[in-house]
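Student: I'd like a close look at one part of this structure, please. Start wherever you like, and then show me how that part connects with what surrounds it.

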Amino acid sequence: MKAVIFLLVSFSACGIGCNSNQTGANSAMVIGGGHAPSLAKDKEGNLHVAYCTGDSIMYSYSGDQGKSFTAPVLISVLPGLASANSRGPQIGISSLGVTII
């Protein structure tokens with residue numbers, strides 16, 4: 001498995017909800033509570049998401065094309081993270097792994 005690299009810089013607010021129509025028009029999947037999700041897909045088809053909730057940056061991924069996601073993992077706590085002042089964490093995929101800034 002590739003390494004997950006976390007680069008943290010100053011930015012503001014984040015969290016996440018995800019709608020899924022896998023089992024019907026009214027079904028929904030919630031990955032975690034928060035704002036400003038950033039989603040990336042790697043070459044194996046895995047989906048990676050980073051988001052904020054309060055002053056925390058969270059990460060989760062799906063190995064089944066978004067049908068389910070891992071429990072969110074705390075990446076960092078940034079005291080004083082201001083809500084709604086930024087687009088949240090950004091996530092990218094490279095041959096070295098996952099990067100969150």
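**From a loop into the sheet**

Tutor: Let's begin with Q65, which is found in the loop between β6 and β7; strands here are DSSP runs of E with at least two residues, helices are runs of H or I with at least four, and numbering starts at the N terminus. Before going on, please note that this is a predicted model, where local features need pLDDT of at least 70, side-chain atom pairs count only at pLDDT 80 or more, and totals for chains, interfaces and linings use all residues. Residues are numbered from 1 along each chain as its sequence is written, and side-chain values use heavy atoms, with hydrogens and water left out.

Q65 counts as exposed, at 64% relative accessibility; exposed means over 50% relative accessible area, buried under 20%, and partly exposed in between, with a 1.4 Å probe and protein chains only. Its backbone deserves a look too: phi of Q65 is near 60°, a positive value in a residue other than glycine. Most residues other than glycine have a negative phi. A36, in strand β4, also has a positive phi, of about 55°, although A36 is not a glycine. At 21% relative accessibility, A36 counts as partly exposed.

T70 sits in the loop between β6 and β7 as well. This threonine is partly exposed, with a relative accessibility of 28%. Setting aside neighbours within four places in sequence, T70 is in contact with S60 and Y61, where contact means heavy atoms within 4.5 Å. T70 and S60 are ten residues apart in sequence, yet their C-alpha atoms are 5.5 Å apart in space.

That leads us to Y59, in strand β6. Y59 is buried, at 8% relative accessible area.

What does the side chain of Y59 make a polar contact with? It is the side chain of H48, at 2.6 Å; a polar contact is a pair of N or O atoms within 3.5 Å, and within protein one must be able to donate a hydrogen and the other to accept it, while residues adjacent in sequence count only if both atoms are side-chain atoms. H48 lies in strand β5 and is buried, with a relative accessible area of 6%. Its side chain also makes a polar contact with the side chain of D42, at 3.0 Å. Further along the list of residues that H48 touches, beyond four places in sequence, are S38, L39, A40, S60, Y61, I91, I93 and V98, among others.

Now for the sheet around these residues. It is an open sheet of four strands in the order β4-β5-β6-β7, with antiparallel pairing; two strands pair if DSSP finds at least two bridges between them. β4 and β7 (73–77) stand at the edges, each with a single partner strand, so one side of each has no neighbour in the sheet. On average, neighbouring strands of this sheet are turned by 20° against each other, direction ignored.

β4 (residues 35–41) and β5 pair antiparallel over five bridges, and K41 stands opposite L47 in β5. The two strands form a hairpin with five residues between them, and G45 in the turn has a positive phi of about 90°.

Y59 also belongs to the largest nonpolar core, whose nine residues are A40, A50, C52, I57, Y59, I75, I91, V98 and I100. Such a core is a set of buried Ala, Val, Leu, Ile, Met, Phe, Trp, Tyr and Cys residues joined through side-chain atoms within 4.5 Å. β5 (47–53), β6 (56–62) and β9 (97–100) each supply at least two residues of this core. A40, another member, touches N46, L47, H48, I91 and I93, not counting residues up to four places away in sequence.

Of its 101 residues, 37% count as buried. Residues 24 or more positions apart account for 45% of the chain's contacts with a separation of 6 or more.

Key
Axes are lines fitted to C-alpha atoms, for helices over the stretch in contact, and angles run from 0 to 180 degrees between N-to-C directions.
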